[in-house]
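Look over the sequence and the model, then read the points below by topic.

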Amino acid sequence: MQRIFILTGAGISAESGLRTFRDADGLWEGHKVEEVATPEAFAANPELVHNFYNARRSQLLTVEPNLAHHALVQLQRKWGDRLTLVTQNVDDLHERAGMEKVMHMHGELLKQTCTNCGDVSDCADRMSIESQCEACGEIGCVRPHIVWFGEMPLLMDQIHSKLMQCELFISIGTSGVVYPAAGFAEEARRHGASLIEVNLEGTDISPIFDEHLQGAATDTVPELVKRLTDTL
């Protein structure tokens, strides 16, 4: 049974009705990136940043996992530890569908980080400059557990290790333009993996893939999972 590495992006969550982070005009829900998604923005106006992520958190709680999320759970149940799922998404839809050991390289919307003691804890409520860290008790030091521009994505050592070992790399709903994730396919290919791209349309890195499945993730992912499981 081959080792599979799956990378998911905004396209899989969008089919659950979750708004993608960046709009076509480059704004994030009406804000410039520099206003809500950098450490400097949080230092300059933490209340604005908190409100931005509070709105996203509230929206996340109104949507549900879709057929693509559920199909990947079925694949994991067949493949077990030979399947790695890394997501660029900060939502918890994979987990709510039943996925285990999801690697969130860009953080998680329903968690908070303490800038004072480094504690990471669950947070499904609104955050503000008055929020208190449950671990150290400090007030006003918690921030969304999100990797902002200028910060290093999480779990990169583990991710690169899995990329070196995988024999099949599958990219689902990703734009292929945000690094370092955009370089994962090439890294997997260098180590001998076959590559499958699943997306609504081609991307800048489509030429390096061996196979392309174009269409809605809720259609293409269940079909791909069935094909893979039928080979067992």
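**His69 and the briefing in short**

His69 is buried, with a relative accessible area of 0%. Buried means under 20% relative accessible area, exposed means over 50%, and partly exposed lies in between, with a 1.4 Å probe and protein chains only. This is a predicted model, in which local features need pLDDT of at least 70, side-chain atom pairs count only at pLDDT 80 or more, and totals for chains, interfaces and linings use all residues. Residues are numbered from 1 along each chain as its sequence is written, and side-chain values use heavy atoms, with hydrogens and water left out.

**Overall fold**

- The chain has 9 helices and 9 strands. Both are DSSP runs numbered from the N terminus: helices are H or I with at least four residues, strands are E with at least two.
- For 232 residues, a compact globule would have a radius of gyration near 17 Å; the chain has 18 Å, which agrees. The radius is taken over C-alpha atoms, and the globule rule is 2.2 Å times the number of residues to the power 0.38.
- The C-alpha trace spans about 55 × 35 × 35 Å along its principal axes.
- Of the 232 residues, 50% count as buried.
- Take the contacts between residues at least 6 apart in sequence: 64% of them join residues at least 24 apart. Contact means heavy atoms within 4.5 Å.

**Helix α5 and His69**

- His69 is found in helix α5.
- Helix α5 covers residues 67–79; at 1.5 Å a residue its 13 residues should span 18 Å, and its end C-alpha atoms are 18 Å apart, which agrees. The expected span is 1.5 Å times one less than the number of residues.
- The buried residues of α5 include Ala68, His69, Leu72 and Trp79.
- Elements that cover the buried residues of α5 include β1 (4–8), α1 (10–14), β2 (83–87) and α9 (217–230).
- At the start of α5, a side-chain oxygen of Asn66 comes within 2.8 Å of the backbone nitrogen of Ala68.
- The backbone nitrogen of Asn66 lies 3.1 Å from a polar side-chain atom of His69. A polar contact is a pair of N or O atoms within 3.5 Å; within protein, one must be able to donate a hydrogen and the other to accept it, and residues adjacent in sequence count only if both atoms are side-chain atoms.
- Leaving out residues up to four places away in sequence, His69 touches Ile12, Ser13, Ser16, Leu93, His94 and Ala97.
- Just after α5, Gly80 takes a positive phi of about 60°.

**Helix α4**

- Helix α4 has 15 residues and reaches 21 Å from its first C-alpha to its last, close to the 21 Å expected at 1.5 Å a residue.
- Among the buried residues of α4 are Val49, His50, Tyr53, Arg56 and Arg57.
- Cover for the buried residues of α4 includes α2 (33–36), α3, α6, β4 (107–114) and β6.

**Aromatic pairs around Trp148**

- The structure holds 6 aromatic pairs. Rings of Phe, Tyr and Trp (its six-membered ring) pair if their centres lie within 6.5 Å; planes under 30 degrees apart count as stacked, over 60 as edge-to-face and the rest as tilted.
- The rings of Phe42 and Trp148 have centres 5.5 Å apart and planes at 40°, so this pair is tilted.
- Phe42 lies in helix α3 (residues 39–44) and Trp148 in the loop between β6 (142–146) and α7 (156–165), 106 residues apart.
- Phe42 is buried at 14% relative accessible area, and Trp148 is buried at 3%.
- The rings of Tyr53 and Trp148 have centres 6.3 Å apart and planes at 45°, so this pair is tilted.
- Tyr53 lies in helix α4 (residues 46–60) and Trp148 in the loop between β6 and α7, so the pair ties together parts that are 95 residues apart in sequence.
- Tyr53 is buried, with a relative accessible area of 0%.
- The charged end of Arg143 sits over the ring of Trp148, 3.7 Å from its centre. The cut-offs are NZ of Lys or CZ of Arg within 6 Å of the ring centre and within 35 degrees of the ring normal.
- Ring pairs also link Phe5, Phe169, Phe184 and Phe209 into a cluster.

**Ala181**

- Ala181 is found in the loop between β7 and α8 (184–190).
- Ala181 counts as buried, at 5% relative accessibility.
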